[in-house]
Number of protein chains: 2
Amino acid sequence: MRVLVPFDAATPKSRLSSLFDDGERRALAAAMLADTLAALKKHDPLVLATAPIEVDAPVVVDDRPLTEAVNGALAGALPTAVVMADLPLATPAAIKRLVAPDVDVAVAPGLGGGTNAIVVRDPAFTVDYHGASVRDHRRIAREAGLSTATVDSFRLAVDVDEPTDLAEVLLHGDGTAAEWLRDCGRIESTDGRVQFIRTTE
Amino acid sequence: MRVLVPFDAATPKSRLSSLFDDGERRALAAAMLADTLAALKKHDPLVLATAPIEVDAPVVVDDRPLTEAVNGALAGALPTAVVMADLPLATPAAIKRLVAPDVDVAVAPGLGGGTNAIVVRDPAFTVDYHGASVRDHRRIAREAGLSTATVDSFRLAVDVDEPTDLAEVLLHGDGTAAEWLRDCGRIESTDGRVQFIRTTE
C-alpha cells in the first residue's frame, strides 16, 4: 500500500507559538515528522511537502492546499494511506491496525474532529480536510455507498497542535519529539490533567 | 473477570461548571455511567459508589477516596478490571481489547495522564489515582516486577472532564450522553479543533 505523509514546510504549529518561537516550532515539526516516518518505515512512506525539505524519505513537492494536494495524489494509485506528519506517538502496531480493515475507507480520528490517518481503497472517495473532517469523511463515504471502518487508536488520535498535546508526548512517547520536549520542559501534575511546562528560556 | 466501575455520587464534573449547573452535571454523569455500563454489559459490572444511587447494575457503597476504595476492592478478588464511569465512547469492542492482554497489569490511559481503565491480575499491584496516575501505575508495576500492557484505544482515552471532551462525545458517541448533549448544544467548527457550544439556556 502506498503511504503519503503530507507536511506543511512553511508555517508549522502556530498554535504552539505561546511556548515556542518559529525556529523551535520548525524543529519540533521535523522531529514529529521523523517519528511518524519511523512508525511507517516498513510501508516506505512518501512525504508530500509544500516545499523541498531534507528528510529521510522520498519527497514530492506540491504547494497546493492540503485537500487539493491529497486528492491529486489519491487519483494516482489506490489503495493509499494518508497519515498526518504530527503523530509522534504512532507505532508500527498502531499503523498495522490502521491498514487492517478490509473496507473502502478506514479512518483514524484525531482529537477535536480531525482525520489523522485514512486508508482509501475506492476511487469514488475524495478527502476534505476543512472543519470537522472526520464527520465529513464519513458523510462522503456514506453518500458514495462505500464501506467504512473507524480505527480506535489513542496513538493515532493524538496529533500535536495545542499545548495540552505536548503532555501526551512526554507521557507516552519515546521518539525524537519526546526527547526534544524533554530537553526543554517537563510534565506538571495538577488536580486535573497534567500539563507541559517549559523550563528553558 | 470482575469489573468495577467507581462512581463519585457527590460532586461530579466540577470542571464543566462553566457550561452546566449542579443538577445538569449530575444528569450528564448519570448518562455517562449508563453508557459505560452498557459497554460492559456482558461482564456484569459492579458500581462502586460513594453513596447509594439508582442505576441498572448492582451497587456497593464505599465512601472512601477513590484510591483507597479501589485498593480495598482489589484485595477481594482477582482478576479485576476497574473502569472509570465517565467513558461515554466506550464500546464492547474496546472493552474486549482491554481485557485481552495476558499480563499482570493492563492499562488504558486517559487524556492528560489519567488511568481510565486497568485490569489487575496480580495481588502485588495497588492503584494510586492521584496525579499522573498512568505513569505511577507503570512504575508501581515495574517496581513489583509485574508484566504490563498499554491498551491503545481512543474510545477508552476520552473521559469527560473538560469542555473540549464534550465535542468528542458529539462527534463519536451514539449513547445516552451523546443524546443528552445533542439536546442542549452542538458542535462548532473552528480553524482548529471543533468545540461544543451550548444552545439552550
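Which residues does B:Leu98 touch, not counting residues up to four places away in sequence? In this predicted model, B:Leu98 touches B:Val83, B:Ala106, B:Ala108, B:Ala117, B:Val119, B:Val151 and B:Leu156 once residues up to four places away in sequence are set aside. B:Leu98 belongs to the largest nonpolar core, a set of 67 residues in which B:Leu98 and B:Phe125 touch the most other members. The element that gives the most to this core is α6(A), with five residues.

The interface between the two chains brings 30 residues of chain A into contact with 30 residues of chain B. About 2600 Å² is buried between chain A and chain B, and carbon and sulfur atoms give 50% of this area. A:Asp152, A:Phe154 and A:Arg193 together supply 28% of the area that chain A buries against chain B, which is more than any other three residues. Between chain A and chain B there are 22 residue pairs in polar contact, with both residues at pLDDT 80 or more. The elements that give two or more residues to the side of chain A that touches chain B are α3 (92-99), α4 (133-143), α5 (154-157) and α6 (163-172) of chain A, and the largest share, four residues, comes from α6(A). By residue class, this side of chain A divides into 10 nonpolar, eight polar and 12 charged residues.

Side chains of opposite charge can pair when their charged atoms come close. Over all chains the count comes to 28 salt bridges, and the count between chain A and chain B is eight. In one of the pairs between the chains, A:Asp165 forms a salt bridge with B:Arg193, with the closest N and O atoms 2.9 Å apart. The side chain of B:Arg193 also meets that of A:Asp161 in a salt bridge, at 3.9 Å from N to O. Because B:Arg193 lies in the loop between β8 (185-188) and β9 (195-198) of chain B and A:Asp161 in the loop between α5 and α6 of chain A, the pair joins two chains; both B:Arg193 and A:Asp161 are buried.

Within chain A, A:Arg15 forms a salt bridge with A:Glu162, the closest N and O atoms being 2.6 Å apart. This pair links distant parts of the chain, with A:Arg15 in the loop between β1 and α1 of chain A and A:Glu162 in the loop between α5 and α6 of chain A, 147 residues apart. A:Arg15 is partly exposed, with a relative accessible area of 35%, and A:Glu162 is likewise partly exposed, with a value of 23%. Within chain B, a salt bridge joins B:Arg25 to B:Asp22, with the closest N and O atoms 3.3 Å apart; because these residues are three residues apart in helix α1 of chain B, they are separated by about one helical turn. B:Arg25 is buried, with a relative accessible area of 10%, whereas B:Asp22 is partly exposed, with a relative accessible area of 46%. Elsewhere, salt bridges that share partners join A:Lys13, A:Arg15, A:Asp86, A:Asp159, A:Asp161, A:Glu162, A:Asp165 and B:Arg193 into one network.

A:Thr36 lies in helix α1 of chain A and is buried, with a relative accessible area of 1%. A polar atom of the side chain of A:Thr36 lies 3.3 Å from the backbone nitrogen of A:Leu87, and A:Thr36 touches A:Val83, A:Met84, A:Ala85, A:Asp86, A:Leu87 and A:Pro88, not counting residues up to four places away in sequence. B:Thr67, in helix α2 of chain B, is buried, with a relative accessible area of 10%. With the same exclusion, B:Thr67 touches B:Val127, B:Asp128, B:Tyr129 and B:His130; the C-alpha atoms of B:Thr67 and B:Tyr129, 62 residues apart along the chain, are separated by 5.6 Å.Most residues other than glycine have a negative phi, and most peptide bonds are trans. The peptide bond from A:Leu78 to A:Pro79 is cis, with omega near 0°, and A:Pro79 lies in the loop between α2 (66-74) and β4 (80-83) of chain A. In chain B, the peptide bond from B:Leu78 to B:Pro79 is cis, with omega near -5°. A:Lys13 has a positive phi, near 60°, and is buried, with a relative accessible area of 16%, whereas B:Asp44, with phi near 50°, counts as exposed at 64% relative accessibility.

Notes:
Residues numbered from 1 in each chain as written. Chains lettered and ligands numbered in written order. Predicted model: local features only at pLDDT ≥ 70, side-chain atom pairs only at ≥ 80, totals over all residues. Heavy atoms only, no water. Contact = heavy atoms within 4.5 Å. Buried area = accessible area lost by both parts, 1.4 Å probe. Salt bridge = Lys/Arg side-chain N within 4 Å of Asp/Glu carboxyl O. Polar contact = N/O pair within 3.5 Å; in protein donor to acceptor, adjacent residues only side chain to side chain. Nonpolar A, V, L, I, M, F, W, Y, C, P; charged D, E, K, R; others polar. Buried < 20%, exposed > 50% of the residue type's maximum accessible area, 1.4 Å probe, protein only. Core = buried A, V, L, I, M, F, W, Y, C linked by side-chain atoms within 4.5 Å.
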